[in-house]
Amino acid sequence: MSEAPLAAFLGCAGLRPTREERALFADVRPLGFILFSRNVESPGQVADLVAELRACAGRPDAFVLIDQEGGRVRRLGPPHWPAYPPQGAFRPLYARDPERGREAVRLNARLIAHDLAALGIDVDCLPLLDVLDPAGHDIIGDRAYGADPESVADLGRVCCEGLLAGGVLPVVKHLPGHGRARADSHESLPVVTAGRADLEAVDFAPFRALADAAMGMTAHVVYTAIDPDRPATLSPDVVEGVIRSHIGFDGLLMTDDISMKALDGDFADRARDSLAAGCDVVLHCNGDWDEMRAVVSGCRPLDAAGQARADRARAALTPPASFDAGAARAQLETLLAS
């Protein structure tokens, strides 16, 4: 068995791993795991699941990810956890008073991190750096910080800082930009026909501003000006030519969920092709046993560059300072009501 972890983030089907899942995770030792609503019942159960997944992988430092954006994209919610607003809810306050808008985003991210760190979850797939486009599909919609790259970059940076202050790594997404997509990549493959100059000026710009982020996630989107045949996740022209070179992102790059319908073909090929395109890690979310085994068969151990990026990401995690969550929540409510 290789000393390097498998270049994959995997899910499990239920509230705790099955015997078969435990055996698979112990055999392949994935770099980490991702949790969804199906994995969540109560705080104690989630904390136990997180610990068990890490034990299965044989590494206490295995990453554990979650999508906890707020609004319609959340895996933790009432009655055990607060209901946070979508990130787009901060737009009006930011437009009226940028400083108060930044403070609201920072407090919100810090509170989310407080919830996650208490469970042992150390990665949140947030913030979106997708620039809102009026013609774009609503799959982005109220999840976006704004319609101009400057405000998206500004609030995205503040969100990252709030998460990191709470001991949670942010993931910038969806590289190199999902805002213009007119289809939901969960259901079909979006094709963006904008020219390269427009993409660089708008869509790519927030990612360039946050190119120092420790983790990022690709978009299952075709950009015809760059690669008319392959979505970003599977395209060396996008991953190496745009994400790594033009944007300058050198963090740990994961795919978006490769079970999404934007991609087609065999799951082993999806995994293999995304790694060949330059992604560091394959993300498979739905816990489907047959799919997961196929994904694992198409993955390889994390390579040296990926390991170095993973190590830098871990090094960015620091224990959170003392934090009065009640006072922060009250302050956030006051800001959002103003």
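Visitor: What is the volume of the second largest pocket?
Guide: In this predicted model, the volume of the second largest pocket is about 240 Å³. Of its 17 lining residues, L164, D212, A213, A214 and A316 are the closest to its centre.

Visitor: What makes a residue part of the lining of a pocket?
Guide: A lining residue has an atom within 4 Å of a point of the pocket. In the second largest pocket, helix 5 (149-165), strand 5 (169-170) and helix 11 (304-315) each supply at least two residues of the lining. The largest share, 4 residues, comes from helix 5.

Visitor: How do the residues of the lining of the second largest pocket divide by class?
Guide: The lining comprises 10 nonpolar, 1 polar and 6 charged residues.

Visitor: Which residues lie nearest the centre of the largest pocket?
Guide: They are D67, R75, H186, D256 and M260, out of 20 lining residues. The largest pocket has a volume of about 340 Å³, and its lining divides into 9 nonpolar, 4 polar and 7 charged residues.

Visitor: Why are helix 1 and helix 10 called roughly parallel?
Guide: The axes of helix 1 (residues 19-28) and helix 10 (residues 289-298) cross at roughly 10 degrees and come within 12 Å. Angles under 35 degrees count as roughly parallel, and the two helices are therefore roughly parallel to each other.

Visitor: Which residues make the contact between them?
Guide: Helix 1 contributes E20, E21, L24, F25 and V28, while helix 10 contributes W289, M292 and V296. By class, this contact has 6 nonpolar, no polar and 2 charged residues.

Visitor: What makes strand 6 and strand 10 edge strands?
Guide: The open sheet has 3 strands in the order 6-8-10, with parallel pairing. Strand 6 (172-175) and strand 10 (252-254) each pair on one side only, and are thus its edge strands. From one strand to the next, the twist averages 30 degrees.

Key. Residues numbered from 1 in each chain as written. Predicted model: local features only at pLDDT ≥ 70, side-chain atom pairs only at ≥ 80, totals over all residues. Heavy atoms only, no water. Pairing = 2+ DSSP bridges. Axes fitted to C-alpha atoms, helices over the stretch in contact; angles between N-to-C directions. 1 Å grid on protein atoms, 1.4 Å probe; cavity = no way out; pocket = protein on both sides within 12 Å on 5 of 7 lines; lining within 4 Å. Points joined across faces, edges and corners; volume = space filled by probe spheres on them. Nonpolar A, V, L, I, M, F, W, Y, C, P; charged D, E, K, R; others polar. Parallel < 35°, antiparallel > 145°, perpendicular 65-115°, else oblique. Contact = heavy atoms within 4.5 Å.
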